[in-house]
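Hello,

Here is the structure I promised to pass on to you. Have a look at it first, and then read on for what turned up in it.

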Amino acid sequence: MKPQRTVIALMAVALLVAGCGREGGASEDGPGGPAPAASGDFGTLSDVCKSGTPGDSQAQGVSATEIEVGVFSDIGFTKNPDFVDAAKVFTSWCNAAGGINGRKIVTNLRDTKLMEVRQRMLEACREDFVLVGGSAALDGLGVKDRLECLLPEFPAQVSQTANTGSDLQLGAGSSMSENVNPYTGFQDWLINEAFPDSKNALGMINGDSPITKVMGDKLTESFGAAGAKIVYSDLYPISGVSDWTPYAQAIKAAGVKGLIFYGDFRYLAKLQDVLTSMNYKLDWIDANANSYNQVFLDSAKSSLGQQNNLLDMSGTAPLDAADKVPAVQQVKDLFEQYAPDSAITFQVLRAFQSWLLFAKSATACGDDLTRACVYRTAAKETAWTAGGLQAPVDLSKPLSEQTRCFNVQQAGPDGWKSAQFSPNTDGLYRCGFTPYRYTADFGQPATLASVGKSLADLK
């Protein structure tokens, strides 16, 4: 592959994994913004952040006045600022409310530039207290180093098998296990309730990369076990194609009624434009949560009234629930205050959930601010909702045993809105489904034991 084509392909990998909230460069880290927040309460949580008189600490990255927290991002490669924006807004609010018992949170942006994951992880191992609210497309490259240096992680999103559900990892971003399909509830709803005629006419298009190809293999097994039939499956060059007509023609010729697309959402918008121009309308398209942003809506504007785009928020409260979920409205208010030009995407909402888990746990530790205390305190949360930003999650249980919830968003000319999917929890989610457990070997996440460590070593 030629160098230029290689760069384009790698960028596409990063974008399809992390999504893209808006165009633009990095935001400034650390505290900022106008007036201080009135309090450190968030949603249903009290005193997430508050003032205090902390003393010296022996913990790495912790002084009498500051806590250094690492935030991983591919921003130097993708220019996607979601995780940086979330860190800026959260820390600005938290520090204005007093920080963590008087200590200010200082974020160290670990810009992996896609391929420099291990280099940034080694830096984090030398300097950071914990990692919070970030993600890297090739995160598996640094997970063993993270475990060897006993660095806890509260990620916004995970990507590769080695890191997904790995040890010393907690939060909404780590709520997917490589052994089960977390989208089982959503997919069963699609093929058995909402659009049963599509069950024997599914199509799937994946970007030709190791990450998305394995996603396709998993879905093929999962849908097959559910009695569904995939009548069309194809790969596209991860760097994109100039003309999506051949793919659209193949979808139409196969009679596809339900389409799963894994790749850059802007490519999906282009494919839909061609399908619409051919006057071919599918029953549904799974656009996946990376499309939960204005960029996708703008890119797919000409076909939004024709194609039925749906996505699973996986238990994350959507923005259109702000009128009944104070926590969602609070995120919107904080962004208006501290980053008014930044977009709130699915990745931002996931990052905020992780920041809240870290901050609440760290504040609860009081003078005993150690990695062990923060991690173990967070792991005791049996009904974590991030103040209302997500459906309840029992973090005390293994990932494969957690209660699973889904909630569906539908794209239209007016944006992403909640679909009709019969929620049974808080009027927002449908909870209680059993995720499908894969029988094929798709690899295993890294463990402390795999690097000669145990949880007893965490201090």
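Let me start with helix α11, which spans residues 326–338: its 13 residues reach 18 Å from the first C-alpha to the last, close to the 18 Å expected at 1.5 Å a residue. Please keep in mind that this is a predicted model.

Which residues of α11 are buried? They are A327, V328, Q330, V331, L334, F335 and Y338. These residues lie on the same side of α11, because the arc they cover around the axis is only 155°. The cover over them includes α3 (82–96) and α12 (346–365). On the face turned away from this buried side, you will find the exposed residues P326 and E336.

The other part to look at is an open sheet of seven strands with mixed pairing, in the order β7-β6-β8-β9-β10-β12-β13. Its edge strands, β7 (230–236) and β13 (415–418), each pair on one side only. From one strand to the next, the twist averages 25°.

At the β7 end, strand β6 (residues 202–207) pairs with β7 in the parallel sense, over six bridges.

Note on methods:
Residues are numbered from 1 along each chain as its sequence is written. This is a predicted model: local features need pLDDT of at least 70, side-chain atom pairs count only at pLDDT 80 or more; totals for chains, interfaces and linings use all residues. Side-chain values use heavy atoms; hydrogens and water are left out. Two strands pair if DSSP finds at least two bridges between them. Helices (H or I, at least four residues) and strands (E, at least two) are DSSP runs, numbered from the N terminus. Axes are lines fitted to C-alpha atoms, for helices over the stretch in contact, and angles run from 0 to 180 degrees between N-to-C directions. The expected span of a helix is 1.5 Å times one less than its number of residues. Buried means under 20% relative accessible area, exposed over 50%, partly exposed in between (1.4 Å probe, protein chains only). The arc is that of the directions from the helix axis to the C-beta atoms. Contact means heavy atoms within 4.5 Å.
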